[in-house]
Amino acid sequence: MSITVLSRKLLENSQNWYRALDMFDVILDRDGVLNVDVGYTHRLEDFALAPGVVEGLTLLTSLGARLSIATGQSGIDRGKYEEEQMQAFNEKLVAEIAPHDITFAAIVFCPHHPDYSDECTCRKPKTGMLEQIEAKLGPIVWENAWGIGDKPADADMILTKGGSSILIESGEHNNSTGTSYWSVDDPELATLLANPKNFVAYDILAAATLIETKI
Ligand SMILES: [Zn+2]
């Protein structure tokens, strides 16, 4: 190998290394976080971006975040819609966001529900979907990773791997109860909210702004 080729390879390796140092992973829930959740959301006519999504994902991308989606889709097991319909909905989501130069490195889903399938390893808060993302993208430094979701299972999944969690207040629960879900006096939530690696933010833009102060 010539010196020129060798030095170019060394330079490429060092660039990759620095990129790897700057990069961190953000795992996003879909319904109630990226798009408005109408309950078993799957119809294209129900598609609407959640508040702050484009602004928040733009900020995260500028900070060096690699974005992936991990979504529970038990509606498939329950027979409410087909996997193809979920894929079409995902494609709609990707297409709506792509013009803003925002891309998703991986999209994984769990179609299971214990009433209809044998117990799976991917239903949140189990971490199987995170391992599926790792299988697609290579090893992830979970200590530097963030999860953004709207339910305790979203938070528990990323916290189990050693990452940090942000729960979105503008998601499904907030809308359905008409009060702040995250202020409800519930023992499970109290434990979660006391966890120093769990945060609460109004929407993805607020979550991204919070992450900017923590990295
Ligand atoms: Zn599953």
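**Close-up views of a predicted model**

**View 1. Pairing of strands β5 and β6.** In this predicted model, strand β5 (residues 164–168) pairs with β6 in the parallel sense over 4 bridges. I168 stands opposite A201 in β6.

**View 2. The open sheet of 6 strands.** The strands follow the order β3-β2-β1-β4-β5-β6, and their pairing is parallel. The edges of the sheet are formed by β3 (106–110) and β6 (198–201), each of which pairs on one side only. On average, neighbouring strands of this sheet are turned by 20 degrees against each other, direction ignored.

**View 3. Crossing of helices α2 and α8.** Two packed helices are described by the angle between their axes and the distance between the axes. For helix α2 (residues 53–62) and helix α8 (residues 204–214), the axes come within 7 Å and cross at roughly 20 degrees. Angles under 35 degrees count as roughly parallel, so α2 is roughly parallel to α8. The crossing in which α2 passes α8 is left-handed.

**View 4. Residues in the contact of α2 with α8.** On the α2 side, the contact is made by V53, E55, G56, L57, L59 and L60. The α8 side contributes I204, L205, A207, A208, T209, I211 and E212. By class, the contact of α2 with α8 has 9 nonpolar, 2 polar and 2 charged residues.

Technical notes:
Residues numbered from 1 in each chain as written. Predicted model: local features only at pLDDT ≥ 70, side-chain atom pairs only at ≥ 80, totals over all residues. Axes fitted to C-alpha atoms, helices over the stretch in contact; angles between N-to-C directions. Helix = DSSP H or I, 4+ residues; strand = E, 2+ residues; numbered from the N terminus. Parallel < 35°, antiparallel > 145°, perpendicular 65-115°, else oblique. Left-handed = near helix turned anticlockwise from the far one by under 90°. Contact = placed C-beta atoms within 7 Å. Nonpolar A, V, L, I, M, F, W, Y, C, P; charged D, E, K, R; others polar. Pairing = 2+ DSSP bridges.
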